[in-house]
Amino acid sequence: MKPYNPPLSGRRAFGGMLLDFNERTMPPSSKVLKAIADFLKSNELQLYPEYGKLEKKLAQYAGVTEDQIMITNGSDQAIDLIFRAFTETNDTVIIPSPSFAMFYQSAQIIGNKILRPLYKKGSLLFPLEELLKMINKSVKLIVICNPNNPTGTLAPIEDVRKIAQKARNAIILVDEAYFEFSKVTVISLIKKYPNIIITRTLSKAFGLPSLRLGYIVASKIYINELLKMRGPYDVNMVAFTAALAALDDRKEMRKYASEVMNQAKPMIEEFFTKNGITFYQSAGNFLLYKPLLKQEEKILRDNGILVRPQNKTNIEKTLRISIGTVNQMKQFIKVYKNVILSKTQPKKYAFIDRDGTLIFEPQDTFQIDSIKKLKILDGVITGLKTLVEKRYELIMVTNQNGLGTASFPWPNFQAPQNKMLSIFEKNGIKFKKIYICPHLPVKNCSCRKPKVGLVKKFLKENLIDQEQSFFCGDKTTDRLFAENIGIKYIPMQTNGDFYQILTEGGIL
Ligand SMILES: Cc1ncc(COP(=O)(O)O)c(C=O)c1O
């Protein structure tokens, strides 16, 4: 077994938007904060916990009687207690998969045999038929995570009823951690099917995961069994106090949940749909989607947004994103447009030769090896500026025969090159990439124009608008280079007027 190690480290110091843990994205009700502060002032930290009122309040919230409620240290503890109370080594348990890690953790500790009917490929719908077929006498516990984390899938109440009906000898653990978002509960089934045990939590919509408060809703006979297993003080008094206050301010929680589910989520769904991004129907405050880019999770992280990568069966290479407030999701959309969508749309590139095209090329030595020899050609500044205005990305591709050898040392090249670039920069002109082949023709290298070795990686990593991109140069090798990368060629007369050539070529 491996420890259950969620990728938490560094999150608090991250500073950006944390959309990776299905948490509430805003602090809890201010009444909760006040209640905790009051408790700390009450001088009761040295006393052992004393519960009571909370079960009553939870019972009222859930619409059951007080003896049908048990509070736990997060619903993780509730899940663990249920597995420990009702299964033994080698008992069969059914966990529709992929699902929340804690179920597998508890089952593995006990040594259960785990059957994993898969959420349906493509739709990720609940695998009812497959699950029903798996039910036999050896099955002791069936998990229904409703809605399921990470797929967001909701099993209809009628499906849960059919399962409870068929598996009379098994416990049906229904995890309703996201009930406040889905608004679907199977509490009404408990009376007829006492084998249904529900876990819930104040970690999600109420926003108290750091305090760890969960609870179980079940028939009295099962609560009595579970109470034998829980420690007398497993829930601490800060969590207890906060939970009471949170339950007293349900209006605040409902307002948050409603903004998430009725405004923010539809907004993200519409954005994904409009941009051809596949996502799955979710009844929770999170969405599973297929990223457009391989590195999407890292790119989002580098741009201030954490999301959770998933790579289990039937949800390979997906990302799960928590849904927050409308403003937060607007921010997500803005970042997504800038750093992800922009990379999926082809860009216009102006590939440009240097010597004889942008700067004067002496016809005797063919080398510009001093600042003295640097002369920017006519129409270059205006031409490049206009290209920038027309949203072309500029790429320089140049052969520099024997650069780095005794006859043409690097510093002799760099001085005029840097000078040229600084003049460009003063005019708001920046080359995105500068590719230089330093070899002599006899080397027969793969990077010398017309070969495409210099730009091979660039062409692989960037989407190029083949219609509008072009290469402008003054030699036959330049024309062949343009042909080799499949873009238009704009022929320059050596040392001619750059702006005029682009205008005549129909670029400007
Ligand atoms: C389905 C599901 N159940 C339970 C939990 C655990 O919640 P708690 O903080 O109450 O332990 C989570 C948390 O992510 C969850 O997704």
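**Exercise 1. Find the salt bridge partner of D20, and say whether the pair is buried or exposed.**

Step 1. D20 pairs with R11; their closest N and O atoms are 2.7 Å apart. A salt bridge here is a side-chain nitrogen of Lys or Arg within 4 Å of a carboxyl oxygen of Asp or Glu.
Step 2. D20 and R11 are both buried. Buried means under 20% relative accessible area, exposed over 50%, and partly exposed in between (1.4 Å probe, protein chains only).
Step 3. A salt-bridge network links R11, D20 and E23.

This is a predicted model: local features need pLDDT of at least 70, side-chain atom pairs count only at pLDDT 80 or more, and totals for chains, interfaces and linings use all residues. Residues are numbered from 1 along each chain as its sequence is written, and side-chain values use heavy atoms, leaving out hydrogens and water.

**Exercise 2. Locate the salt bridge between E483 and R479.**

Step 1. Their N-to-O distance is 3.0 Å.
Step 2. Both lie in helix α16 (residues 476–485), four residues apart, about one turn of the helix. Helices (H or I, at least four residues) and strands (E, at least two) are DSSP runs, numbered from the N terminus.
Step 3. E483 is partly exposed, at 48% relative accessible area. R479 is also partly exposed, at 36%.

**Exercise 3. State how many salt bridges the whole structure holds.**

Step 1. A search of the whole structure finds 24.
Step 2. One of them joins E176 to R200, with the closest N and O atoms 3.1 Å apart. E176 sits in the loop between β6 (171–175) and α7 (179–182), and R200 in strand β7 (residues 196–201), 24 residues away. Both residues are buried.
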